[in-house]
Amino acid sequence: MKPVTLSTLQAYKRGGETFSCLTAYDASFARMASDAGIEVLLVGDSLGMVLQGHDSTLAVTLDDIRYHTRCAAQGKGNSLLMVDLPFMSNISQERLLQNAGELMRAGAEMIKIEGESWMADGIRELSRRGVPVCAHLGLTPQAVHQFGGYKIQGRDQERADQLLADARILVDAGASVILLECVPAELGQVMRDTLEVPVIGIGAGVDVDGQILVMHDVIGVTQGRTPRFAKNFLTDADDIASAFRHYHEDVKARRFPAAEHSF
Ligand code: KIV
């Protein structure tokens, strides 16, 4: 695989080719995912749940993310390394720019930020300074307490329209990628067809530009309830490397997600 950049993702979108993304928090799994052909790796704040054992992502600090970014950067190979801004690390424009800068110094190649249209100014400043941004919309886990749980977003027309309008505002502000979590498949498709930037989905149906999953779900080590949108690829594979390859191949062929993984 050639080095994956933002231009690669844009070219995939233009050509109608889908791409795969997976969380990675250390060098060994990052290397394995990259060798499997997975185009984008995410140092997600999901590490608060799958590595640290919390029941939400809120406890994750910038230091945690910076440490795991340094680790994953060592193994990322030619995949693009996207990194999450943790909860409340954007409480002011200055803190946002400083913290994003720290993560870019640690090895991030794109910063992912949860939030809706209120993040437009921050995204504008980051993109002016040459930081590619992925705006995460829909079910944003950092707002779990405001949502009253991990609930599907955009089921009613008003909320779906609002999410689409927010996505447009964030793209106009400079977001290079949109990540859409837990929305009806129909809204995923509308976003993909309407927005000029790549749309990555997790629980957003098959008709988006890229798919992302949490690594622990892909190899079946998630504790407790597995989300509907996830699939354990290790059950039909000999080892973790093959599970990552099957996930990548199924995304490329649009065999994953199936209807049973969508809303
Ligand atoms: O933190 C994370 O792993 C994420 C993915 C679920 C998209 O944000």
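Keep in mind that the model is predicted.

Let's start with the ligand. The space it takes is the largest pocket. Who lines up around the ligand? The residues there are Thr23, Leu42, Gly44, Asp45, Ser46, Asp84, Lys112, His136, Leu179, Ile202, Ile212 and Val214.

Now zoom in on some side chains. Ser46 has a polar side-chain atom 2.5 Å from an oxygen atom of the ligand. For Lys112, a polar side-chain atom sits 2.8 Å from a ligand oxygen, and for Asp45 the distance from such an atom to an oxygen of the ligand is 3.0 Å. So how much of the ligand does the protein bury? On its own, the ligand would expose 260 Å², and the protein buries 96% of that.

Next, the cysteines. How many disulfides are there? The count is zero. Take Cys21 as an example: it is buried, with a relative accessible area of 0%. Its closest cysteine sulfur belongs to Cys134 and is 8.5 Å away, so the gap is too far for a bond. To count as a disulfide, the two sulfur atoms would have to be within 2.5 Å.

How values were computed:
Residues are numbered from 1 along each chain as its sequence is written. This is a predicted model: local features need pLDDT of at least 70, side-chain atom pairs count only at pLDDT 80 or more; totals for chains, interfaces and linings use all residues. Side-chain values use heavy atoms; hydrogens and water are left out. A residue is near a molecule or strand if one of its heavy atoms lies within 4 Å of it. A polar contact is a pair of N or O atoms within 3.5 Å; within protein, one must be able to donate a hydrogen and the other to accept it, and residues adjacent in sequence count only if both atoms are side-chain atoms. Accessible areas come from the Shrake-Rupley method with a 1.4 Å probe; for residues, only the protein chains shown count as cover. On a 1 Å grid over the protein atoms alone, a cavity is a set of points where a 1.4 Å probe fits but cannot get out, and a pocket is an open set with protein on both sides within 12 Å along at least five of seven lines; lining residues have an atom within 4 Å of a point. A molecule sits in a cavity or pocket if more than half of its atoms lie within 2 Å of its grid points. Buried means under 20% relative accessible area, exposed over 50%, partly exposed in between (1.4 Å probe, protein chains only).
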